[in-house]
Amino acid sequence: MNFNNFTIKSQEAVQEAIEAVKSRGQQVIEPVHVMYGTMRVGENVTNFIFQKLGVNGQQMATVIDRQIDSLPKVSGGEPYLSRESNEVFRKATQFSKEMGDEFVSLEHLLLALLNVNSTVATIMKDAGMTEKELRGAINELRKGEKVTSQSSEETYQSLEKFAINLNEAARSGKLDPVIGRDEEIRRVLQILSR
């Protein structure tokens with residue numbers, strides 16, 4: 001598996017999965033470990049997608065944690081990919097090609113985790129996720145963008161991360177009223193109309 005064509009966040013998710021395996025005294029990297037890493041590293045992406053699909057992220061994390069704890073523990077030996085995890089990465093690469101992306105991102109991993117027959121797929125389906133809805137949420141997250149660089153996930157929802165929507169704040173009554181600022185308002189209107 002060539003991890004060079006994975007985005008930085010995807011590589012971090014895989015690294016997080018490996019760390020989870022080592023820290024819990026396990027040896028086989030299962031899809032639950034990959035899901036755990038994806039949720040830990042890509043909080044922005046997974047939270048947005050879970051929110052759109054009406055999935056409780058806290059509950060999902062708890063179920064994933066319990067599932068990881070139930071896996072057998074081993075002493076010694078290097079971590080290795082299970083057959084299912086290998087299939088997840090293969091499918092994620094396939095999804096990235098299908099979607100016209102240059103790199104495998106966290107969304108591709110989520111799609112692959114949902115499609116490869118494993119306990120994670122069952123957990124995701126039980127939470128109410130379907131492939132069609134997941135693809136819709138991914139399209140909404142990306143807003144038509146393609147994954148063309150290794151840091152593409154950083155650009156998703158960037159306006160929401162770094163800016164305040166004043167229109168939304170005004171609608172919800174969170175802005176202070178503008179009273180006694182007639183001169184400043186006239187000046188701003190004058191400047192804007194130039």
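Two residues are in contact here when heavy atoms lie within 4.5 Å. These legends describe a predicted model, in which local features need pLDDT of at least 70 and side-chain atom pairs count only at pLDDT 80 or more, while totals for chains, interfaces and linings use all residues. Residues are numbered from 1 along each chain as its sequence is written, and side-chain values use heavy atoms, with hydrogens and water left out.

View 1. Thr 38 sits in helix H2; helices (H or I, at least four residues) are DSSP runs, as are strands (E, at least two), numbered from the N terminus. With 0% relative accessibility, Thr 38 counts as buried (buried is under 20% relative accessible area, exposed over 50%, partly exposed in between; 1.4 Å probe, protein chains only). Setting aside neighbours within four places in sequence, Thr 38 touches Ala 13, Thr 46, Leu 106, Leu 109, Leu 110 and Leu 113.

View 2. Which residues of H8 are buried? They are Leu 134, Ala 137, Ile 138, Leu 141 and Arg 142. Seen down the axis of H8, these buried residues fall within an arc of 130°, so they line one face of the helix (the arc is that of the directions from the helix axis to the C-beta atoms). They pack against helix H3 (43–53) and helix H6 (106–115). On the other side of H8, Lys 132 and Asn 139 are exposed. Just after H8, Lys 143 has a positive phi of about 55°.

**View 3. Leu 134 in the largest nonpolar core.** This core has 45 residues, and Leu 134 is among those with the most contacts inside it. A nonpolar core is a set of buried Ala, Val, Leu, Ile, Met, Phe, Trp, Tyr and Cys residues joined through side-chain atoms within 4.5 Å. Beyond its neighbours within four places in sequence, Leu 134 meets Ile 49, Leu 53, Leu 110, Leu 111, Leu 114 and Met 129.

View 4. Glu 16 pairs with Arg 40 in a salt bridge, the closest N and O atoms being 3.8 Å apart (a side-chain nitrogen of Lys or Arg within 4 Å of a carboxyl oxygen of Asp or Glu). This pair links helix H1, which holds Glu 16, to helix H2, which holds Arg 40, 24 residues apart. Glu 98 and Arg 135 form another salt bridge, with closest N and O atoms 3.7 Å apart. Because Glu 98 lies in helix H5 and Arg 135 in helix H8, the pair ties together parts that are 37 residues apart in sequence.
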